[in-house]
There are 2 protein chains.
Amino acid sequence: MTNPAYFPQLSQLDVSGEMESTYEDIRLTLRVPWVAFGCRVLATFPGYLPLAWRRSAEALITRYAEQAADELRERSLLNIGPLPNLKERLYAAGFDDGEIEKVRRVLYAFNYGNPKYLLLITALSESMQMRPVGGAEVSSELRASIPKGHPKGMDPLLPLVDATKASTEVQGLLKRVADLHYHHGPASDFQALANWPKVLQIVTDEVLAPVARTEQYDAKSRELVTRARELVRGLPGSAGVQRSELMSMLTPNELAGLTGVLFMYQRFIADITISIIHITECLDGAEAASKSPFPI
Amino acid sequence: MTNPAYFPQLSQLDVSGEMESTYEDIRLTLRVPWVAFGCRVLATFPGYLPLAWRRSAEALITRYAEQAADELRERSLLNIGPLPNLKERLYAAGFDDGEIEKVRRVLYAFNYGNPKYLLLITALSESMQMRPVGGAEVSSELRASIPKGHPKGMDPLLPLVDATKASTEVQGLLKRVADLHYHHGPASDFQALANWPKVLQIVTDEVLAPVARTEQYDAKSRELVTRARELVRGLPGSAGVQRSELMSMLTPNELAGLTGVLFMYQRFIADITISIIHITECLDGAEAASKSPFPI
């Protein structure tokens, strides 16, 4: 695989055995229709993802975690104006209400899941860096589990366009949206939007280009990372695996690499949370973009 | 090695052969008395550091790179007051002028080198993420090489305290200063200051604790990362290795890990540049802290 669009990962369609069950359990527990790019990359480190997930699932399925994700989602509105009217732009590009509704479902599914993944990756990163996660005193109400399984009306597995097999045009779009964020590759969110190349082009050039990596955007991303750290310290149970525990299981460069990958995806997912909520705000307004689309 | 203080790296005293020459060439070319923590971690990825350094040295020894580092250093002043008077604090702790001068030499050596490493790691990270680095039109004056070798008056190799072999007290100090920054381990700068545990304790608790990871600190760190990206695009020659070129040389998790490690250290070194300049400002004032201590 020497395609420049390739970034090492185990795709959702290529896993089997323990990794397949881990991927499925992540989707069912977080109630989301995809395994995050970050997790698919973590899956390339032998043994880590299944272990780390087993150690985290119980804390992540609590009402505390659901409310923490709701808070992060609400904080993610950029408040940068003027906002382009995305619905008008899509009409003008020839999309009808039925097609727009399909795009909306994709955006809402990612809006639901992104802040949950931010919590998960933050917990994994803090543990890897040998700082305490979870174990706080939490009321029994917040300690309770939320129902496992996808919310009604959510597709259980969203189709993601594989950049390495896409047309040159779509590869270019995916590269452009990643570079706009100074990311190493396109988020799953953009792989899903790439099913409508024209939509991806419009959100990239007209919705995201004016805001991504501006001072205000970076300050918001920093706020999310900072707050996510505080929130994972308050989880009712522990989450993640400490670096010292992995020393006999991984090689030195795997240990270092894992630390870097977790650090990078914590910030990556904070960015993407902001970007997708910004797109949704341009489609349906601030209220719809910042509330949980699938409240418990 | 299951010491929790251990982070995978090749220490400066443990390298031989090609890696030893690479380490030496990095120190001589950048004119600094240490190989950065980030580079020592990169050295655990087979073949990467010697190759990446060979591809970068020529661009990094130019007057352009020296001036770019000078600019980053000048931008690094935090302007957060009131500043503790570090000299008074050290006198009060029993240090005399001779000892303070030794500490000063260490701080100035790191102040000289940190922004240079920020440029190097930024160039390596951008290349790894498949974005262009260098190759800009630059005047012949800025394209010229600066002298190779340590500046007069600089120790050629600063002794760094190995956290895994340090006393419990020093281990605790090193962990505290790393956690204060939400870092995965202590910078070389703090390993050097750990030769005077009382100094490390004072700068941690009185100089850095009030500022590290504040909004202003994070905004400054973001400014340095953003500006370093622009500066490496303007380098007179290319630097780093593109991810696609490494695909046959590294395993998938090594490729992913390297991307994460570079991303993490770019931000790590921006932070440390700010922190050490802040300490120096508290010792000798803003002017001394932000100017090149070894101008060409």
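Me: Which residue forms a salt bridge with Glu71(B), with closest N and O atoms 2.8 Å apart?

Reply: A salt bridge is taken here as a side-chain nitrogen of Lys or Arg within 4 Å of a carboxyl oxygen of Asp or Glu. This is a predicted model, in which local features need pLDDT of at least 70 and side-chain atom pairs count only at pLDDT 80 or more, while totals for chains, interfaces and linings use all residues. Residues are numbered from 1 along each chain as its sequence is written, chains are lettered from A and ligands numbered from 1 in the order in which they are written, and side-chain values use heavy atoms, with hydrogens and water left out. With the closest N and O atoms 2.8 Å apart, the partner of Glu71(B) is Arg75(B).

Me: In which helix are Glu71(B) and Arg75(B) separated by about one helical turn?

Reply: Helices are DSSP runs of H or I with at least four residues, numbered from the N terminus. Glu71(B) and Arg75(B) are four residues apart, which means about one helical turn between them, and the element that holds both is helix 5 (residues 63–75) of chain B.

Me: What is the relative accessible area of Arg75(B)?

Reply: Buried means under 20% relative accessible area, exposed over 50%, and partly exposed in between, using a 1.4 Å probe and protein chains only. Glu71(B) is partly exposed at 24%, and Arg75(B) is also partly exposed, with a relative accessible area of 29%.

Me: How many residues apart in sequence are the parts that the salt bridge of Arg104(B) and Asp284(B) ties together?

Reply: The closest N and O atoms of Arg104(B) and Asp284(B) are 2.7 Å apart. Arg104(B) lies in helix 7 of chain B and Asp284(B) in helix 14 (residues 252–284) of chain B, so the pair ties together parts whose separation in sequence is 180 residues.

Me: How far apart are the end C-alpha atoms of helix 1 of chain B?

Reply: The expected span of a helix is 1.5 Å times one less than its number of residues. Helix 1 (residues 17–30) of chain B has 14 residues and should span 20 Å, which agrees with the separation of its end C-alpha atoms, 20 Å.

Me: Which residue just after helix 1 of chain B takes a positive phi?

Reply: The buried residues of helix 1 of chain B include Arg27(B), Thr29(B) and Leu30(B). Just after this helix, the residue with a positive phi of about 60° is Arg31(B).

How values were computed: Helix = DSSP H or I, 4+ residues; strand = E, 2+ residues; numbered from the N terminus.
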